[in-house]
Amino acid sequence: MVFTVMISLQINHTSLACGPSPGVAGLQNLVVPIHQRPVQDLAFAVARFIQKGGSYVNYYMYHGGTNFGRSAGGPFITTSYDYDAPIDEYGLIRQPKYSHLRELHKAIKRCEHALVSSDPTVASLGALQQAHVFSSGTRACAAFLANYNAQSAARVTFNNRHYDLPPWSISILPDCRTDVFNTAKVRVQTSQVKMLPVNTKLFSWESYDEDLSSLAESSRITAPGLLEQLNITRDTRSAFGTREQRSCTFNGPVNLHAGTNKIALLSVTVGLPNVGRHYETWETGITGPVLLHGVDHGQKDLTWNKWSYKVGLIGEAMNLVSPNGVSSVDWVQESLATQSRSQLKWYKAYFNEPGGKEPLALDLESMGKGQVWINGQSIGRYWMTYAKGDCNSCSYSGTFRPVKCQLGCGQPTQRWYCFSVKDILITYFIMSLGKCYYLEPLNLCSLTDQCHVQSERIVYLALSFCIFTFGLWLCQYHCTLD
């Protein structure tokens with residue numbers, strides 16, 4: 001006889017995959033668009049700081065980067081560490097931000113002697129307009145003419161000359177006469193980075209089923225009650241809810257039969273907390289309660305029963321992510337389109353190394369959730385979620401707030417994953433939260449205006465499919481139904 005009951009779990013700071021239903025609450029609250037700061041406002045902030053006597057500016061970030069492996073932190077942090085920087089994570093110049101800031105720096109440099117020789121004298125040019133003048137007698141003079149009105153332009157008179165100032169802008173006069181730069185006047189066109197497919201041969205996929213039958217025998221910890229995940233294991237892996245609600249409850253049907261039943265909960269980390277008050281004390285993992293509803297028309301609390309714990313996958317221990325460990329198991333050739341619904345499965349493939357020297361990226365839009373390795377090197381975790389927000393308006397003027405200018409609404413929060421040409425063996429381990437994704441074709445893209453002819457160097461691509469990321473935490477409980 002098979003009994004269908006409901007199971008409910010309390011989860012903290014963790015993504016849970018348990019059975020056919022997604023064990024995630026509030027997923028839509030996690031996805032946010034890209035916050036963009038217009039270069040006009042950024043230049044205005046820098047010029048205002050300098051005109052008030054500032055002498056050192058720190059841009060964060062000026063050159064974007066990529067947090068490979070598990071260095072992205074979290075929770076819910078992408079591998080791209082770009083911040084809409086003037087130079088992006090691929091090392092490409094982002095226009096007009098890069099050139100507009102370069103012209104700002106040149107204008108400030110021309111004011112150098114006056115800036116270091118005197119303190120500014122402030123003069124009113126109108127209700128919301130000011131002049132900051134640096135003068136060391138007859139030797140040097142520099143002026144900053146500011147319009148703080150966020151709505152209207154202004155014409156001001158300074159040294160018997162007229163100057164037109166756009167809203168929320170500052171003009172720089174290195175000789176107190178010539179307007180060489182205005183923060184709101186951008187003279188550079190916007191650059192568009194285009195991802196183009198690279199012609200490279202992808203060899204057939206092979207798979208390996210993760211062995212779950214020996215979970216109890218290989219468990220490292222057995223204890224009554226559910227244990228907090230992070231501090232108990234001190235695992236080097238990362239340890240769901242949302243940023244606002246750090247815990248969630250999963251409810252879903254499970255089928256139990258008369259006799260002994262094994263309940264295994266797969267808990268997957270999505271990055272350790274790295275900011276907030278006393279975040280080292282925040283609990284992670286499945287902290288309970290774990291309840292079975294419908295048993296004898298009632299409820300059974302499994303929270304304080306004996307649970308067995310195992311950290312990580314057998315495939316991880318055998319180093320299947322590396323070409324050095326790939327021969328340690330027997331792989332089965334199959335198509336991803338017809339693959340079986342195994343609970344945990346690894347996939348690998350080889351492909352030819354793309355030619356050229358341009359930056360490369362992996363297109364993971366068709367994927368679910370997991371982690372990718374290239375030649376044994378992790379390029380990080382991924383989670384194909386879509387940004388929700390207001391991307392219809394953006395104004396540079398007025399006090400900056402991150403939500404003023406947003407990009408990417410309705411698009412994946414991160415689709416492209418940067419990797420180095422020398423890291424050409426790829427390994428995937430994927431968690432799809434009860435839903436398998438079709439992964440073919442694999443898209444390798446180059447950020448150039450042309451495609452490259454493939455080289456003959458062979459690359460290893462391995463992928464684990466249908467449930468996973470990393471930092472795996474398997475909890476198993478044996479229950480008996482009469």
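1. A few friendly remarks on the cysteines, then. Counting pairs of cysteine sulfur atoms within 2.5 Å, this predicted model comes to three disulfides. The points below take them in turn, then turn to the remaining cysteines discussed here.

2. Let's begin with Cys141 and Cys176, which form a disulfide with their sulfur atoms 1.9 Å apart. The torsion about this S-S bond is -80°, making the link left-handed. It ties together distant parts of the chain, 35 residues apart: Cys141 belongs to strand S9 (residues 141–147), whereas Cys176 lies in the loop between strand S12 (169–173) and strand S13 (181–182).

3. Cys141 has 22% relative accessibility and so counts as partly exposed. Cys176, in contrast, is buried, at a relative accessible area of 3%.

4. Next comes Cys391, joined to Cys409 by a disulfide with an S to S distance of 1.9 Å. Here the S-S torsion is 75° and the link is right-handed. Distant parts of the chain are again connected, 18 residues apart, with Cys391 in the loop between strand S26 (377–383) and strand S27 (406–407), and Cys409 in the loop between S27 and strand S28 (416–419). As for the surface, Cys391 is partly exposed at a relative accessible area of 26%, and Cys409 is partly exposed at 25% relative accessibility.

5. Cys394 and Cys405 make up another disulfide, S to S 1.9 Å. Its torsion about the S-S bond is about 90°, so this disulfide is right-handed. Both partners sit in the loop between S26 and S27, 11 residues apart.

6. With 45% relative accessibility, Cys394 counts as partly exposed.

7. Cys176 is already paired with Cys141 in any case. Cys111 is also buried, with 1% relative accessibility.

Technical notes:
Residues numbered from 1 in each chain as written. Predicted model: local features only at pLDDT ≥ 70, side-chain atom pairs only at ≥ 80, totals over all residues. Heavy atoms only, no water. Helix = DSSP H or I, 4+ residues; strand = E, 2+ residues; numbered from the N terminus. Buried < 20%, exposed > 50% of the residue type's maximum accessible area, 1.4 Å probe, protein only.
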